Amino acid sequence: LTGPPVATSADGVLYVFARGSDNALYVMSSTDGVTFTGWTRVGGVLTTAPAATAVGGTLYVFAGGAGGALYVTSSADGATFTPWRDLGGMLSAAPAATTFQGQVYVFVKGSDGGLYEKHSADGGTFTGWKSLGGALTAAPAAASYTPAGSVETLVVFATGEDGALFERYTGDGLNYTDWTSLGGRLSGSPAVAGGGDRLFAFARGSDNALWSRATPR
């Protein structure tokens, strides 16, 4: 591997994706989380670590490609993947992907350090890039969850210029809150896990220890 792996699940199967030493995308899978297949080469020429999510049993994998643009490939069975498609843009870090209200959302740190987003209802046609501003110093992270007594919420996290963790969120996928600082001192990109009525964020601190924050119960 030449960068961090990413994992997602679809139809009860766990998939792990990574950028290999030849800069191609590789995948392995497991039905029980214990026994994994060998690495299978998906191909492509990646310039960043991948991001993956699944909607309706279809896997979507994003990564930076030639010229710094965002590329996507998908698979309905986890074995046969579509050719890489160029979604444009100019990435300066690995993308982040998640699902929200049955749609695929992808976020990237642009060449200007700002956060950008695009999404798709069918995985084929994506919106244009939407600028969410900010000054990111590392790759973003995103996830959705449904707070108790509320609606499904999409949250995006990023490390700011002061090393603190920042977030923006939306309940409709269109109108985002302003950036809010959650404090701390990160030394890299955050990781986030959602689902159910709670959301968990993890990050490497300036002391190299693992730190976490979670939404209240």
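Me: How many positive and negative side chains does the protein have, and how far apart do the centres of the two sets lie?

Reply: Lys and Arg count as positive and Asp and Glu as negative, with His and the chain ends not counted; each charge is placed at NZ of Lys, CZ of Arg, CG of Asp or CD of Glu. The protein has 12 positive and 16 negative side chains, with the two centres 5 Å apart. This is a predicted model, in which local features need pLDDT of at least 70, side-chain atom pairs count only at pLDDT 80 or more, and totals for chains, interfaces and linings use all residues. Residues are numbered from 1 along each chain as its sequence is written, and side-chain values use heavy atoms, without hydrogens and water.

Me: How many helices and strands are there?

Reply: Both are DSSP runs numbered from the N terminus: helices are H or I of at least four residues, strands E of at least two. The protein has 0 helices and 19 strands.

Me: In which sense do β13 and β14 pair?

Reply: Pairing requires at least two DSSP bridges between strands. β13 and β14 (residues 153–159) pair in the antiparallel sense over 5 bridges, and A141 has F157 of β14 as its bridge partner.
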